[in-house]
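User: Hi! Could you walk me through this model? I have a handful of quick questions.

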Amino acid sequence: DDGYRLWLKYDRIQDAGLRKDYQKAAGFIASSGSSPILTTAATELQQGLEGLLGQKPPLVAPGSKTKGGILLSVDATANVSAGRTLGKDGYHIGRKNGSLVITGTTDAGVLYGVFALLRQLQTRQPLQNIDLTSSPKIQYRLLNHWDNPNGTVERGYAGSSIWKWYELPEHLDPRYQDYARANASIGINGVVINNVNASARYLTPEYIEKVAALAGVMRPYGIRVYMSVLWAAPKVIGGLSTSDPLDPKVKQWWTDRTNEIYRAIPDFGGFLVKANSEGEPGPQDYGRDHADGANMLADALGQHDGLVMWRAFVYKANSNGDRFKEAYQEFKPLDGRFKPKTLVQVKNGPIDFQSREPFHPLFGAMPRTPLVLEVQLTQEYLGFATHMVYLAPMFKETLDADTYAKGQGSTVAKVVDGSVDKHSVSGIAGVANIGSDRNWTGHPMGQANWYAFGRLAWDHTLSAQAIAEEWTRMSLTNEAPAVRTIADVLVKSRDIYVRYTTPLGLHHIMGQSIHYGPEPWLASSARPDWTSVYYHKADAAGLGFDRTAKGSNALGLYRPEVQQLWNDPQTCPPDYLLWFHHVGWNQQLSTGRTLWNELCTRYYTGVDSVTWMQQQWAAVQPQVDPELHADVTSRLQTQHKEALWWRDACVLYFQTHAKQPIPAPFAPPTRTLDDIKRLVMIYQLR
Ligand code: BDP
């Protein structure tokens, strides 16, 4: 198994009895319509069932048969029962007159219902009394590709881009369709095709035609395409002397471009913008603000059914404050200024996709603006495609965090799904971990992160554990003990990664620029907030960034209830401790150990836990495809080697400040800090 088929393997069900039961329920497929999406739904169902059951149910005309088959129907007003209404794109799967009926409120709802039914079979669930209702909690569920026109992928670790721009629009790689299927199967309904550090190319007629060709592949799967746009495009390709959003010529240019896009792609999704961030141009270059820029684009979209997603990932050049606070300071005052259909896209945490961050303080702070939650599936700071890190627990940590914006229970999830502030649009974005590698994600287990993102975008109340089990059953094995073992490893993997890299709330101490491996000693860079010492603040007294009122007071950006959670070093959960406090080396923590001892304990047990992961993985070898199993085994070896690298680098470096021995029972590293610095240097040679 080379992993290409992802979680849509549809291998024949081995249990003959079960297969018979399913076959009885799937004698034929009748669809009430023939729109492109409904056609996809029927074909997907037919193909999936053929694989799983070994026989292909015929497609029959509606009404020609009633018993023992599967009926697909659209009913915009479908109400399942009192209190269980279906939302837009929702579905119900039930039984009626001896057949299974999949009802969607839209064509896409039927397609999602089809994949849900297939999932039941793939995970071996009974169909007798099936009565399943589900509607997406978030409306726009998007992948963000950081793909460049030359085929490279920013922060991509799974080969190059899947988009072959030079071959488009004439040649359509069959892979595009497989990509669309995979997304539709987990409810993803939008794709931003290019890097936020955007090229102006996509706005030219030549590239619009190419994007339109991709949109044509996505459309029958209920997926719309979006573009990241370069703010300076009017100057770069439009021949204008300015890109000032209030300049009439600039407005006209964007309006014309937008109309041109909609002529080619009538269901175009809209624009994603990174502006005045990390050197990208933006409205501030002309003395305007983010709202001026976003609103101008919203005007350009006019009557078209499209969105503007404006990113809040900003931190000013030469700021000498705390980077943690910058997006908040720039965006909070703009709340209420954004036009309808303009959303602000906010990363899960205030710094940048670290392995653990407190939730971004903008969540709950901009009640008049719909906020898109942006998470990262590509493991930029989490070991690329070599470390096994299942991200659902991390996404859940953010989604379940309580902002207290409208009292207790105002979780980030409810801010994002619009229920806290009664927004009618809602969105979530995952920065894709997909590339041209045969198995799509490099690390075979990285597929679980793509899968989990889609499932949580659809329903953020699902548990990380349940998603891990479901994915494992669909992708690796259906044997219960092995499923339990693998899901257990997955669910614990993120905490393990945190332990051997950045325990206790340490953050941003990784290799400069490359963001791989440890570099806690990094003290000079183009900006102070690109160094490590800026974030860990190790000195003779202790470790950690004081963000209380005595320090940067970033904590003050949160509601009092949240502040209370993190304000006191004695009661602050250890996982967040060094995010908010500078703690003495000998200070006793709630764990009963001193900071120094706890730090060492976490680094050492983190590495031991990777050994445990290796053992667990070895134990499921009989149940997993040999090629796939061997692939993960080898990656776990690298992970173990690099966990040791992280551990030794960090304990040896922090020891130069703490000036204490490695506590028993742990054995001090056998290599020196200089040995490790050399390793890091090798990875940074050009
Ligand atoms: C950082 C990445 C950088 C991205 C940036 C962003 O290092 O490559 O361009 O985020 O999100 O994490 O814009």
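Analyst: Happy to; we can go from the overall fold to the sheet, the ligand and a few backbone details.

User: Great. What kind of model is it?

Analyst: It is a predicted model.

User: How many helices and strands does the protein have?

Analyst: The protein has 20 helices and 18 strands. Its radius of gyration is 26 Å, close to the 26 Å that the globule rule gives for 686 residues, so the protein is as compact as a globular protein of that length.

User: And what does the C-alpha trace span along its principal axes?

Analyst: About 80 × 65 × 50 Å. As for burial, 53% of the 686 residues count as buried. If you take contacts between residues at least 6 apart in sequence, 71% of them join residues at least 24 apart.

User: Which domains does the assignment give?

Analyst: The domain assignment lists domain 1 (16-133), domain 2 (140-475) and domain 3 (498-684). The C-alpha centres of domain 2 and domain 3 are 29 Å apart.

User: How many residues of domain 2 are in contact with domain 3?

Analyst: There are 28 residues of domain 2 in contact with 28 residues of domain 3. On the domain 2 side, the touching residues are 13 nonpolar, 9 polar and 6 charged.

User: Let's switch to the sheet with β3 in it. What is the strand order?

Analyst: The order is β2-β1-β3-β7-β6-β8, an open sheet of 6 strands with mixed pairing. β2 (59-60) and β8 (132-134) stand at the edges with a single partner strand each, so one side of each has no neighbour in the sheet.

User: Is β3 enclosed or open to the outside?

Analyst: 4 of the 5 residues of β3 are buried, so the strand is largely enclosed by the rest of the structure.

User: How do β6 and β7 run?

Analyst: Strand β6 (residues 91-96) and β7 run antiparallel, joined by 6 bridges. Tyrosine 91 stands opposite glycine 104 in β7. The hairpin of β6 and β7 has 2 residues between the strands, and asparagine 97 takes a positive phi near 45° there.

User: Nice. Which other residues have a positive phi although they are not glycine?

Analyst: Histidine 508 has one of about 55°, and asparagine 553 has one of about 60°. Histidine 508 sits in the loop between α14 and α15 (533-536), while asparagine 553 is in the loop between β17 (542-543) and α16 (560-566).

User: Are those two buried or exposed?

Analyst: Histidine 508 is buried, with 22 other C-beta atoms within 10 Å. Asparagine 553 counts as partly exposed, with 16 C-beta neighbours inside 10 Å.

User: Where are the cis peptide bonds?

Analyst: One runs from leucine 168 to proline 169, with omega near 5°. Proline 169 is in the loop between β9 (140-144) and α4 (174-185). Another runs from alanine 664 to proline 665, also with omega near 5°. Proline 665 is in the loop between α19 (626-658) and α20 (673-684).

User: While we're on prolines, where is proline 481 found?

Analyst: Proline 481 is in helix α14 (residues 480-501). With 11 C-beta neighbours inside 10 Å, proline 481 counts as exposed. Proline 481 and glutamine 623 are 142 residues apart in sequence, yet 9.6 Å apart in space from C-alpha to C-alpha.

User: Last topic: what surrounds the ligand?

Analyst: The surrounding residues are Glu154, Arg155, Val196, Asn197, Lys274, Glu278, Phe313, Asp352, Phe353 and Glu380. By class, that shell has 6 charged, 3 nonpolar and 1 polar residues.

Key. Residues are numbered from 1 along each chain as its sequence is written. This is a predicted model: local features need pLDDT of at least 70, side-chain atom pairs count only at pLDDT 80 or more; totals for chains, interfaces and linings use all residues. A residue is near a molecule or strand if its C-beta atom, placed from the backbone, lies within 6 Å of it. Ala, Val, Leu, Ile, Met, Phe, Trp, Tyr, Cys and Pro count as nonpolar, Asp, Glu, Lys and Arg as charged, and the others, Gly among them, as polar. Two strands pair if DSSP finds at least two bridges between them. Domain bounds come from an automatic or database domain assignment. Two residues are in contact if their C-beta atoms, placed from the backbone, lie within 7 Å. The radius of gyration is taken over C-alpha atoms; the globule rule is 2.2 Å times the number of residues to the power 0.38. A residue is buried if 20 or more other C-beta atoms lie within 10 Å of its own, exposed if 12 or fewer, and partly exposed in between; C-beta atoms are placed from the backbone.
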